[in-house]
Amino acid sequence: IAESDGDFLRVFAACQYASLIPMPLPLPAAFRGRARYVDQTRRMISSAGATAAFGPIAMQSMLVEATAELGLKFIGTVADMPALQDNVTLPNLSTDGLSYLQFSSGSTRTPIGIAISHDAFIANTAAISLSGMTIQPEDRCTTWLPFYHDLGLVGCLLTPIVTQMSVDIIPTRDFAKRPMTWLNVISAHGGTLSFGPTFGYELCVRRALRTKPPDDLDLSTWRAAGIGGDMVRPSVLRNFSETFEEYGFRASSFSPSYGMAEATVAISFHEPGKGLVVDTVDLDRLEGDGHVVPATDDTVRTRPFVRCGKVLPGHELEVRDGDGNVLPDMQVGCLFLRGPSMMDGYFGLPEETKAVLGSDGWLNTGDLGYLCDGEIVITGRAKDLIIVNGRNIWPQDLEWSVEREVELCRTGDVAAFSCQDKEDEIIVLLVQCRSTDEDTREALRTEAEKVLSGSHGVQCKVVLVPHNSLPHTSSGKLRRTRSRLLYLDGTLAKQS
């Protein structure tokens, strides 16, 4: 269990020396319940055929419950391990052998183990260090990202170790309680590199609006403020730079990236020091035929997309249509990737591996996007795309509009998807509601409907669900596919 402490790193490193395969497991998510966490942990351990399970003292009862009757050789803490015997001969390592299993985030499916070899890890780390972040001798990393997430593990823990860079580690739960801890640590220790998803930057802005940061907060050393792990929202980042400009933060420090665990972690980086490059496009053309046309003063509906930089050296990326044809720049399609950082496959799942990783080495990322001047722009997930009356509608556009314009909504409160209702395809919008007052609830429904009708020209079925009922991954991403299934089987209705 990947607690942000020294014991996790000791176990991970010991496995590398002993040619064993570690598999970082997530910590319990807030408000998700013990039973659900124990069940998920049991399924992960069982699917990987693990033989030992480690976790912090506070989680031993859950760990014992999750591993009951699985026949593991060891369950406990690092302190419980017997002393190492003398004259132990460590095995010879093969660089093409497995280094670790990285469980997928589970945003579109049940988490499964992604097998990463030593070669793939080193290829990705080298590309991150030399090209993506162009790491300098004076760099210092600051992270609050969980070690069970690929960006937290590879990008912010193992890459600093490989490059001998100092890293300041903030437990994820501490950041969740006190977001400004992130910025205070950067200020106190002169951090130069630090990554976070968009919502991490948003939490800092919210906290700063409630409580003014200390006058001596100094963010002038932060040269690369990476964004990864979810869709990049330029409005949130603009708010962050405007809020913290007086404390030395430079908007040019923003460095959007694109990556996924199937590629170890990183696929592309926008060059540090250049800030956000935003394409504002004609949304009607994009939804109609997938062509990316720059918006003009006369464009009625627009959509901003952030460029995430060029694919890392030694890797190839293609944008393909549904028939597998390579598309030109400025046309949306599915992204395919090939290179030395690719996973060996989904552990123990040959058919699932074959479905996304071809014999020619090309990986179907499942992401939609386009290329512009050689840079990657992500528009969404192929599985999430809503198609109604010939229009391709991105669900996050609907979600963001409601979260931004409806006062009672917060980030993460909304899930949009399509489903069949009798003979028609309809758009369903699940909205978390904290109030039990019927007038307030009806006003929330009405306001959400008006926002989507006015901003997007679509009619939606707005369904109010309880607070904290929408499922999210261990890294905080909304699980739309799971939300849709919970809605269809009536689980969310029972909670209302």
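**Exercises on strand E23 and its sheet**

Strand E22 (residues 424–433) and E23 run parallel and are joined by 7 bridges. The model is predicted: local features need pLDDT of at least 70, side-chain atom pairs count only at pLDDT 80 or more, and totals for chains, interfaces and linings use all residues. Residues are numbered from 1 along each chain as its sequence is written, and side-chain values use heavy atoms, with hydrogens and water left out.

**Exercise 1.** Determine in which order the strands of the sheet lie and which strands stand at its edges.

*Solution.* Strands (E, at least two residues) and helices (H or I, at least four) are DSSP runs numbered from the N terminus. Two strands pair if DSSP finds at least two bridges between them. The open sheet has 3 strands in the order E21-E22-E23, with mixed pairing. E21 (414–421) and E23 each have a single partner strand, so one side of each lacks a neighbour in the sheet. From one strand to the next, the twist averages 30°.

**Exercise 2.** Find the bridge partner of Leu 429 in E23, then the helix that touches E22 and E23.

*Solution.* Leu 429 has Val 462 as its bridge partner in E23. Helix H13 (residues 438–456) packs on the sheet and touches E22 and E23, where contact means heavy atoms within 4.5 Å.

**Exercise 3.** Decide whether Cys 460 is buried or exposed, and list its contacts.

*Solution.* Cys 460 lies in strand E23 (residues 460–466). Cys 460 counts as buried because its relative accessibility is 13%; buried means under 20% relative accessible area, exposed over 50%, partly exposed in between (1.4 Å probe, protein chains only). Beyond neighbours within four places in sequence, Cys 460 contacts Ile 427, Leu 429, Glu 449 and Leu 452.

Methods
Axes are lines fitted to C-alpha atoms, for helices over the stretch in contact, and angles run from 0 to 180 degrees between N-to-C directions.
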